[in-house]
Amino acid sequence: MVKRTRGILRTAAAAVLPLALAGGSAVAPAGAAMAFGGGWAGRWLSTATGTAAGTSLRDVRAIIGADTGAAANLTGAGVGVALLDTGVAPVDGLPAGQLVNGPDLSFESQAANLRYLDTYGHGTHMAGIIVGNDPASGSRGIAPGAKLTSVKLGTANGAVDVSQVIAAIDWVVENRNHDPANPIRVLNLSYGSGGNPSAWTDPLQFAVEQAWKAGIVVVAAAGNDGNAATMLTNPATDPFVIAVGAAATKGTLSTADDDLAPFTNSGTADKVPDVLAPGESILSLRDPGSSIDVAYPGARSGTTLFRGSGTSQAAAVTSAAAALLLQAKPWLTPDQVKSALKGGTTLATGKAGSMRLKEVNVNNALGLTPLLTSTQLYVPSNGSGNLDDARGLSRVVSNNVKLSGEFTVFGPFHSANWAAYSATGNSWVGGTWMGNPIAGNGWTGTSFASKTWGAATWLGAPWGGVQSWTDPTWSGRAWSGRAWSTGAWTGARFSSSEDWTTSLWG
């Protein structure tokens, strides 16, 4: 299929470069791995990229200009960040006061001993980048004063359907002001669906656009299928959101030698990454006993940290940068935040230099003054498309039956009806999403987080017991290549030939 440019960005802010989309084919070039599957963007490679010791968050803060000038005293205080991922673990490096557990919409929500917990290990790594504060190592997140709301979607093997992601985005939009002192202003999606549907009708793109319209900056990982992949993963393909690629920082604090990480999708056929951020060998919180921790012990650093690389890590860095910017200038719209972050450091070497890509710089962003007329005027999705088109070849399976057609994991789905409810903020009523009771009716109970949304027992689904759901694209595999690439669990599976000491998480 060919994706057409959906509009242009018009801005009166002279200091901010305009955004542009180039139309092009969605067909992958010969030899390129097709990014089918739906999943999280990350890799845990041992020697492929980065430094053996890893890149500390202190170094990341310096690279993105968050430790200098007006940015130096910012912590993200007063800003809520929603993390739609694999949950978070109650490790010492995640202060309970900075963490809220939203609803667990994963298949593991039906097991009380797994609910809210990060059995995979990816979400904990992202959370550490954003709000971590580890007493053992001294590692501190980029926005440690922000309030993080975790909405768990992925299981220990990464299984998730795009319908669960859409429901989670809807929940964030409708509950963004649950904490008036820390309203959710940023949504981190290190996820991408398995398909490349029509941009005009895609339900996933419609969902992220509703969040954007509601004042939430949506940050999406660009994908880890390599520079030869000329399409970003969905929803990073959406023109409104901030698509983030990973920068290879070459083990230095200077950005003069930084380049586009070789595992990042270039997106040259449609939309290139809006920004780059450090994404190689990032040291963040380890989740002891999680799938990746057990599978790749070489990625551990000390007892509390883990090395990870990928556009997932870069997206988390960018989400934290957005929180810092919004702390300083809470009146900014998502369009203005995007414009300001795009006014970062122009890279001059290699692939990044030839593409004129910029790396996030918080201090630069603070110096820009986007005008109120900075508005993206793209043609939005109407949300009426088929879920199957967004899934592509990624299908969760229960009792050997693949989920397909216009069904969510919870029951039948009608895209146009859902879009009407989503657009008016009425797809959720308490713990019921589009008529399906899938969570509790509000904040209840206690957990390791400061606040927790209640749980519910899912009613029977047409495909049988939810406990047996898997994702056939990933089931029975180790992560090969690059896992957690923003939207594709295909091309991002960890290969058995790697010992994952530097770990790449997309």
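Author: In this predicted model, K250 is partly exposed, with a relative accessible area of 49%. The cut-off for calling a residue exposed is over 50%, and K250 is therefore placed in the partly exposed class at its 49%. The residue sits in the loop between β11 and β12, the latter spanning 259-260. Its backbone deserves attention: phi of K250 is near 60 degrees, a positive value in a residue that is not glycine. Most residues other than glycine have a negative phi.

A second residue with a positive phi is R356, at about 60 degrees, and R356 is likewise not a glycine. R356 is located in the loop that runs between α8 (350-355) and β18 (358-359). Its relative accessibility is 61%, and R356 therefore counts as exposed.

A cis peptide bond links N234 to P235, with omega at about 20 degrees. Most peptide bonds, by contrast, are trans. P235 belongs to the loop between β10 (217-221) and β11 (242-248).

The crossing of α2 past α6 is right-handed. On the α2 side, the contact is made by H122, H125, M126, I129 and I130, and on the α6 side by S312, Q313, A316, V317, S319 and A320. Sorted by class, the residues of this contact comprise six nonpolar and five polar ones, with no charged residue.

Lastly, there is an open sheet of three strands, ordered β22-β23-β24 and paired in the antiparallel sense. The edge positions belong to β22 (428-429) and β24 (436-437); each has a single partner strand, so one side of each is left without a neighbour in the sheet. Strands of a sheet pair through backbone hydrogen bonds, in either a parallel or an antiparallel manner. Strand β23 (residues 432-433) and β24 form an antiparallel pair over two bridges. Within that pairing, T432 has P437 of β24 as its bridge partner.

How values were computed
Residues numbered from 1 in each chain as written. Predicted model: local features only at pLDDT ≥ 70, side-chain atom pairs only at ≥ 80, totals over all residues. Heavy atoms only, no water. Helix = DSSP H or I, 4+ residues; strand = E, 2+ residues; numbered from the N terminus. Buried < 20%, exposed > 50% of the residue type's maximum accessible area, 1.4 Å probe, protein only. Left-handed = near helix turned anticlockwise from the far one by under 90°. Contact = heavy atoms within 4.5 Å. Nonpolar A, V, L, I, M, F, W, Y, C, P; charged D, E, K, R; others polar. Pairing = 2+ DSSP bridges.
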